[in-house]
Amino acid sequence: LDTVAAVAPDVARAVVQELADQRRNIKLIASENYSSLATQCAMGNLLTDKYAEGIPHHRFYAGCDNVDSVEDMANARARELFGAAHAYSQPHSGADANLVAFWAILRARVELPAMAKVLGAEDPEKLAPADWQKMPIAQWNEVRHALGNQRLLGMDLASGGHLTHGYRLNASGKMFEAHGYTVDRESLLLDYDAIEKQALEVKPLILLAGFSAYPRNINYRRMREIADKVGAVLMVDMAHFSGLVAGKVLKGEENPIEYADVVTTTTHKTLRGPRGGLVLCTEAFKEHVDRGCPLVLGGPLPHVMAAKAVAFTEALRPEFAAYAAKIVDNSRALAEAFLKQGLKVISGGTDNHLVLVDVGSALGITGRQAEEAVRRCGITLNRNPIPFDPNGPWYTSGLRFGTPAVTTLGMGPAEMAEIASVVADVLRAITPGTNKSGGRDKAKYTLDEAVEKKAHARIKAL
Ligand code: PLP
């Protein structure tokens, strides 16, 4: 950091302050973790200086031998780790990985067949660049029209889906006619029969499974059945739980790799690697996924691919499987402790790395008030919509807790019980403020000072 400080001391200071912040506060953000120093060093070096558009051994720049090795290592280790036929480690983030997947599927299933039709060609896979590069604009517009008329069926944002799964403010909601499936109103669990009924009506090109805030595991065998019934491509976004797949906690019907055509993930959540994305797929989609550049990406980030290779090496070790199992043990312990404290846990518990607590209906506060109050006491987490949330995605009625980071720190069920007890005390000590018309304000609140002080001391002692 001295080298950074010599150039930009304010930047170096921000890094040190972030270190202090992450040490001072307990990290319960479900999408965060602590990457290893090896991963961080692999990411912070001169590999950042290299351009390498293309794929290994087939580049548009000279001098890519070392990037080729790095990318080969990342891809080979990802294939081994997940048991996937093909891996593509260029996406810069989870959102990028999803864009690569969407456009690879669109190219294979819509664009090439549409071009073949327009050009009167028999085999879409045999079209040569010369065939489509010379297409008159009117023909090309027919292809673009076909691309723009496709349907996506993914999990609704409020039920736990992600922005990139068809939310209207995201490119995915504009590229596709996007439909969302929800959880069951009573159980707050996925209802596969209802998803099947909806899929039969919508007839999507892509059936998308995966989530950011659903505390249960998914039955991918059932999702595959549904996809097959409607002729959809099954895509799974395992951004949140890929560490649980890598650590073999999710097996059989709960392992997306065994059932999906295309699987995307981030590399920095439960997987504990650098910030980035990854696409895994079957042989049928391999060639299209490898065209991430020029489909949506420019040059890859060689330094981040190096860090992915390091993180995958770590995840291949037996210790990682033990770590993944402990993440879920801790999450279950946390959910049980919340229930003992009388808090309302969405779906009554958890099977994975996250727990969702409804603070709205039972305590009359918003997720925003709760998030801020808990942070004042030394716990960093995020507010989250709960299914059918009356407070919308900004104020929300929920808090999302995740155990990947605290498990990396070596915490166990005893610490989870203590955290749940502190959180419950703090939530009960919040009094919502009033707005100008005398009603409850969704942002303002007061927190009992004595409770805050005591909570802070208990968190510091952990
Ligand atoms: N997909 C899911 C399910 C996610 O939860 C997230 C991030 O939270 C993403 C995609 C996007 O990942 P990134 O923030 O790396 O773009």
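Me: How much of residues 7–111 is helix and how much is strand, and how far apart are the end C-alpha atoms?

Reply: In this predicted model, the chain over residues 7–111 is 57% helix and 9% strand, with its end C-alpha atoms 49 Å apart. Residues 149–422 are 41% helix and 17% strand, and their end C-alpha atoms lie 51 Å apart. An unreviewed UniProt entry annotates both spans as "domain: Serine hydroxymethyltransferase-like".

Me: Which residues have the most contacts inside the largest nonpolar core?

Reply: A nonpolar core is a set of buried nonpolar residues joined through C-beta atoms within 7 Å. The largest one here has 129 residues, and L207 and V262 have the most contacts inside it. Helix α5 supplies the largest share of this core, 13 residues. Beyond its neighbours within four places in sequence, V262 is in contact with residues including A101, A104, I105 and F285.

Me: Which helix gives the most residues to the shell around the ligand?

Reply: That helix is α5, residues 94–119, with three residues. Of the 14 residues around the ligand, S93, G94, A95, S212 and A239 come nearest. The shell comprises three nonpolar, ten polar and one charged residue.

Me: Is H57, with its positive phi, buried or exposed?

Reply: H57, in the loop between β2 and β3, has a phi near 70°. H57 counts as exposed because it has 10 C-beta neighbours inside 10 Å. T396, in the loop between α18 and β15, has a phi near 60°, but counts as buried because it has 27 such neighbours.

Terms used. Residues numbered from 1 in each chain as written. Predicted model: local features only at pLDDT ≥ 70, side-chain atom pairs only at ≥ 80, totals over all residues. Near = placed C-beta within 6 Å. Helix = DSSP H or I, 4+ residues; strand = E, 2+ residues; numbered from the N terminus. Nonpolar A, V, L, I, M, F, W, Y, C, P; charged D, E, K, R; others polar. Buried ≥ 20, exposed ≤ 12 C-beta atoms within 10 Å, placed from the backbone. Contact = placed C-beta atoms within 7 Å. UniProt positions renumbered as here; feature names shortened; annotations may be inferred.
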